[in-house]
Amino acid sequence: MKNKMSKTKNIVVIGGGSWGGALADQLLKANNNVTVLTRRRETAEALNLGSLIALPQVQLEHPIPSTTNPDCLSFADLIVIAVPLSETAQVVEMVTTYASLESVILFSGKGLFSHPEKGGIFLPEWIDSNFDNFYSYGLISGPSFADEVILNKPTAVMIASQSITLSTKIADYFEASYLRCYIGDDITGVAVGGAVKNIIAIAAGIATGLELGDNARAALVSRGLAEITRLAVKIGGRPQTLNGLAGMGDLVLSCSSPHSRNMAFGMAIAKNQTPDQKLAEGKKAAELLNARALYENIELPISQAVHRILQHKELIESEINALLARAANTE
């Protein structure tokens, strides 16, 4: 890891959860001036003392300056939004109130927004639908468990925006951290990969919980990637994007271990347990994605099967049989 001589950039990370804390930690290690903005005073106090409430088993190397006062946004060069997707609209409203239009926004959420016509839309579509003149923004995605990032274990991520120049500018903030940033300009492909992999991970969790074997999970991962790519290309993404970190990389990680929240969610469903609803981004996304698939007239067999299972758990066996009975096709 390289060292910089001085701190020159002011960064505000909105969200003091596990991923917000991990990104703030790495940006601080990259010698930026970092402040975490959080709603809860106890979260800010813990970060100021070098602890992260969301990951009590992990000790931060250094305290991270934190506050509940949104005035800090007015001085930010980069604003990282690291909150659940359901809170994004409220946070963006706060940003537009306090931050200069010269700030750059980096989103980290993965999922779909509700849309009255299309069912579910992805982050770039949501921004286009709601703002005529928005900030320069990017999206960070890829295989990255927060606790491993904080422990400085090597991690590679994708940063995408509408231009390579902007993506490079955002990636430069992480220079000298333990995050290896790759850059791209296919923000649609990255957004689709990050959202749909959560649903495929639920399917992998169901297969694991039912002890269907490694072969079945591998099939779900590979055919799940085909679904993600098909949808991304349909709405303007590029297939090569999904062969990289934001597609295959993130999907493999999310389908490989119960450390993945959505995979753990699927395992609980398979074992007829009641999963913690707060842990699975994929459940709501499955409903919205099913509606989007119908709108686009596109087949997403695994994702749509997950949607039906989440609506009616008793359909697990019949949905598996239906997937196995699909007609042979080319790959």
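Predicted model: local features only at pLDDT ≥ 70, side-chain atom pairs only at ≥ 80, totals over all residues.
For a reader new to the term, a disulfide is a covalent bond between the sulfur atoms of two cysteines. Cys72 has a relative accessibility of 17% and therefore counts as buried, because buried means under 20% relative accessible area. Cys255, at 1% relative accessibility, counts as buried by that rule.

## Helix H7 and helix H8

Helix H7 covers residues 187-209, and helix H8 covers residues 214-234. The two pack at an angle of about 155 degrees, with their axes 9 Å apart, which means that H7 is roughly antiparallel to H8, since angles over 145 degrees are placed in that class. The crossing in which H7 passes H8 is right-handed.

On the H7 side, the contact is made by Gly189, Val192, Gly193, Val196, Lys197, Ile200, Ala203, Ala204, Ala207 and Thr208, while H8 contributes Arg217, Leu220, Gly224, Glu227, Ile228, Leu231 and Ala232. Sorted by class, the residues of this contact between H7 and H8 are ten nonpolar, four polar and three charged.

## Helix H7 and helix H11

H7 also meets helix H11, which consists of residues 261-270. The axes of H7 and H11 come within 6 Å and cross at roughly 40 degrees, so H7 is oblique to H11, and the crossing of these two helices is right-handed.

Asn198, Ala201, Ile202, Ala204, Gly205, Ile206, Thr208 and Gly209 are the residues of H7 in this contact, and they meet Asn262, Met263, Phe265, Gly266, Met267 and Ala270 of H11. The residues of the contact of H7 with H11 divide into eight nonpolar, six polar and no charged.

## Helix H7 and helix H13

Another helix that H7 packs against is H13, made up of residues 301-311. Here the axes come within 9 Å and cross at roughly 65 degrees, and H7 and H13 are therefore roughly perpendicular to each other, because the range from 65 to 115 degrees counts as roughly perpendicular. The crossing of H7 and H13 is left-handed.

The residues of H7 that take part are Val196, Ile199, Ile200, Ile202, Ala203 and Ile206, and their partners in H13 are Ile302, Ser303, Val306, Ile309 and Leu310. By class, this contact of H7 with H13 has ten nonpolar residues, one polar residue and no charged residues.

## Two loop residues with a positive phi

Most residues other than glycine have a negative phi. Asn152, although not a glycine, has a positive phi of about 65 degrees, and this residue lies in the loop between helix H5 (146-150) and strand E9 (155-161). With a relative accessible area of 15%, Asn152 is buried.

Ala176 is likewise not a glycine and has a positive phi, in this case of about 80 degrees. The place of Ala176 is in the loop between helix H6 (164-172) and strand E10 (179-184), and at 6% relative accessibility Ala176 counts as buried.

Ala82 is found in the loop that runs between strand E4 (78-81) and helix H3 (88-98), and with a relative accessible area of 13% Ala82 is buried. Leaving aside residues up to four places away in sequence, Ala82 touches Val13, Ile14, Gly15, Gly20 and Ser108. Ala82 and Leu23 are 59 residues apart in sequence, yet their C-alpha atoms are 8.4 Å apart in space.

Glu102 is in the loop between H3 and strand E5 (104-107), and it is exposed, with a relative accessible area of 70%. The C-alpha atoms of Glu102 and Ser136 are separated by 7.9 Å, although these two residues are 34 residues apart along the chain.

## Glu296 in helix H12

Glu296 has its place in helix H12, which covers residues 282-296. Because its relative accessible area is 14%, Glu296 is buried. When residues up to four places away in sequence are not counted, Glu296 touches Lys234 and Ile235.

Methods: Residues numbered from 1 in each chain as written. Heavy atoms only, no water. Buried < 20%, exposed > 50% of the residue type's maximum accessible area, 1.4 Å probe, protein only. Axes fitted to C-alpha atoms, helices over the stretch in contact; angles between N-to-C directions. Helix = DSSP H or I, 4+ residues; strand = E, 2+ residues; numbered from the N terminus. Parallel < 35°, antiparallel > 145°, perpendicular 65-115°, else oblique. Left-handed = near helix turned anticlockwise from the far one by under 90°. Contact = heavy atoms within 4.5 Å. Nonpolar A, V, L, I, M, F, W, Y, C, P; charged D, E, K, R; others polar.
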